[in-house]
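Here is a short briefing on the structure below. Points are grouped by topic.

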Number of protein chains: 2
Amino acid sequence: MAGCSEFDLIDRYLARLGAGRDDVVLGPGDDAAITRGGGKPLLMALDTLVEGVHFPVDLPAEWIGYRALAVNLSDIAAMGGEPCWALLGLTLPAPDEAWVAPFAEGLGRLARAFGVAVIGGDVTRGPLTVSLQITGRATGPALRRDGASVGDRVWISGRPGEAAAGLGVWQQGDAREQARWQGLRQAFIAPRPRVALGQALAGVASAAIDLSDGLAADAGHIAARSGVALHLDPSCCRPSARLLRWAGEAGAYRLQLGGGDDYELCFTAPAEADAAVRAAARRARSPVRCIGEVGDGEGIWWGDHRIGEAAAGYRHFSV
Amino acid sequence: MAGCSEFDLIDRYLARLGAGRDDVVLGPGDDAAITRGGGKPLLMALDTLVEGVHFPVDLPAEWIGYRALAVNLSDIAAMGGEPCWALLGLTLPAPDEAWVAPFAEGLGRLARAFGVAVIGGDVTRGPLTVSLQITGRATGPALRRDGASVGDRVWISGRPGEAAAGLGVWQQGDAREQARWQGLRQAFIAPRPRVALGQALAGVASAAIDLSDGLAADAGHIAARSGVALHLDPSCCRPSARLLRWAGEAGAYRLQLGGGDDYELCFTAPAEADAAVRAAARRARSPVRCIGEVGDGEGIWWGDHRIGEAAAGYRHFSV
């Protein structure tokens, strides 16, 4: 696209993306954006998506834009916060308007749905990489990974493992199969960050994390940071019917423990907060399930069996 | 490095990087960092550096880490703010400890020097790319690009063009030449963001921008945003002696107008603020120079000649 500079692209597609917010004093176009923080603690996260590592090379631009924000919204959800502002670092091989337009549309649609303003960033030339930084505000006591106590219950939202199955469906490429397993496919392509649930759990849950690398791996972070063991009860962990149908019995359990990209929440709460957890989930219209409890010791346990690190989900760089 | 995961790398080198700050409630290691914003407006920027695009492939890791923070500090400087917190998105082809250690050292050293805490981020596998997001606080009225008025004077700090010359010195590779032109080389490798100058100019300057894409291009942003013309006076724009020696008369002027990566400030201020500008520069120990004035119209003018967009500095994607 001769004559199209990064500035044209930014101006056309990436300025004023997402929601309008009264606390944005100055949006894109200056050396920095200006916002009003207000009195509450700020929650700040940054995630990078690399083509072929974090999403398949054939994922449409619309869903790459969606995903870049969704994974960051999920971080704010896991802290129990309200997402506010995002900055976008977009690295592109070429200034391809036909790619940037749907990318901006996918990102902008999700931003508007969650009240997030995209206040700035940087567009550069290079291999396709998307870094997005998000800032939110705490709406109550922040949900950290280090707050789980012995005797707490372990909970999850949604149906972990379905996104990994959905990636499998996506990769099959067969249109009939994709239509047949549409629900799994959507779990992968369009994960819905549990922002409302996270906020409803602030002050109720004792610890929380979002599921990006798989239930066992991510729950392992709560265990490690809190200095406890998380005991999962196999009888409470039956995978969803469609996951069982797609992957078979053993495969479904394996995906549920080790599959990534669900962006559901795993959290702990005192046993006496059971009713409060269920009320929070109802308010947030999010399905939740108690899958175990917190004990002395360390690691993630599946009945009597400790789940090894090697089996515990996806890790970049692991060789 | 078998068995080394992203988590090990993050924990070892990138956690607790930079300054300790009382306003950081929770640093790296959770879904998001927690900070106390305080009452002042926040300044937020993000810049991405791509290997081979924003720095030469043979630039040592120490200086890539330094540069990733320096370019962001420069954005906060250009707004007149105090830099506070950074999040790092580091994409690496392999978890190479011999690369990450000096990278972290270069970034951390500059962060400590400027009181910045690195509070989180994301390490991923992929082509070498560094995205860094910085948040600062306004220390006075923020220095925007859109505040220049007709009659204001145009100022620069330092010696624009030297960084581009320094890149040339770097690329020559000859050790004797590199030693001979050490000062120019340093202007490219280790640009010193003008944070103190920016803060001293808050309430004094009417508009400011940092010089990343070249004086003509960046001053052009002030002109465009403020709806004015910037007239540079050639008699006030004599390049530094060493730039003249290295590049010759015509080359030095060309580099001064079009060379990038200086991370100096270009700013405007009312004529009656001359003494206040000089006092601010002395307080910040930054050399400044008046190089022209703001007039009606548009664009950047060099005497009677309007500088065309094509000549105005470096643009990614321009084809």
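In chain A, take the contacts between residues at least 6 apart in sequence: 86% of them join residues at least 24 apart. The model is predicted. Chain A holds 10 helices and 14 strands. Its radius of gyration is 20 Å, close to the 20 Å given by the globule rule for 319 residues, so chain A is as compact as a globular protein of that length.

**Overall build of chain A**

- The C-alpha trace of chain A spans about 65 × 50 × 35 Å along its principal axes.
- Of the 319 residues in chain A, 58% are buried.

**A sheet with strands from both chains**

- Seven strands form an open sheet with mixed pairing.
- The strand order is β1(A)-β6(A)-β5(A)-β7(A)-β4(A)-β3(B)-β2(B).
- Strands β1 (17-18) of chain A and β2 (24-26) of chain B stand at the edges. Each has a single partner strand, so one side of each is left without a neighbour in the sheet.
- A:G18 has A:A117 in β6(A) as its bridge partner.
- Helix α2 (residues 61-79) of chain A packs on this sheet. The helix touches β4 (42-50), β5 (81-92) and β7 (129-138) of chain A. The direction of α2 makes about 145 degrees with that of β4(A).

**Strand pairing around β12 of chain B**

- Strand β12 (residues 288-295) of chain B pairs with strand β8 (residues 153-157) of chain B. The two are antiparallel and share five bridges.
- In this region, B:I156 stands opposite B:R289 of β12(B).
- Strand β10 (residues 229-232) of chain B also runs antiparallel to β12(B), joined to it by four bridges.
- B:H231 stands opposite B:E293 of β12(B).

**A helix pair in chain A**

- Two packed helices are described by the angle between their axes and the distance between the axes.
- Helix α4 (residues 162-172) of chain A packs against helix α9 (residues 241-258) of chain A at an angle of about 125 degrees. Their axes are 11 Å apart.
- The contact involves A:E162, A:A164 and A:A165 on α4(A). On α9(A) it involves A:L243, A:W246, A:A247 and A:L255.
- With that angle, α4(A) and α9(A) are oblique to each other.
- The crossing of α4(A) past α9(A) is right-handed.

**Two residues of chain B**

- Is B:L87 buried or exposed? B:L87 has 27 C-beta neighbours inside 10 Å, so it counts as buried.
- B:L87 sits in strand β5 (residues 81-92) of chain B.
- Leaving out residues up to four places away in sequence, B:L87 touches A:M44, A:L46 and A:Q133 in chain A. In chain B, B:L87 touches B:I119, B:G120, B:G121 and B:Q133.
- B:L87 and B:I119 lie 32 residues apart in sequence, and their C-alpha atoms are 5.8 Å apart in space.
- B:E177 belongs to helix α5 (residues 175-180) of chain B.
- B:E177 has 15 other C-beta atoms within 10 Å, so it is partly exposed.
- Which residues does B:E177 touch, not counting those up to four places away in sequence? They are B:V169 and B:Q172.

Notes
Residues are numbered from 1 along each chain as its sequence is written. Chains are lettered from A and ligands numbered from 1 in the order in which they are written. This is a predicted model: local features need pLDDT of at least 70, side-chain atom pairs count only at pLDDT 80 or more; totals for chains, interfaces and linings use all residues. The radius of gyration is taken over C-alpha atoms; the globule rule is 2.2 Å times the number of residues to the power 0.38. A residue is buried if 20 or more other C-beta atoms lie within 10 Å of its own, exposed if 12 or fewer, and partly exposed in between; C-beta atoms are placed from the backbone. Two residues are in contact if their C-beta atoms, placed from the backbone, lie within 7 Å. Two strands pair if DSSP finds at least two bridges between them. Axes are lines fitted to C-alpha atoms, for helices over the stretch in contact, and angles run from 0 to 180 degrees between N-to-C directions. Angles under 35 degrees count as roughly parallel, over 145 as roughly antiparallel, 65 to 115 as roughly perpendicular and the rest as oblique. A crossing is left-handed if the near helix is turned anticlockwise from the far one by less than a right angle, and right-handed if clockwise.
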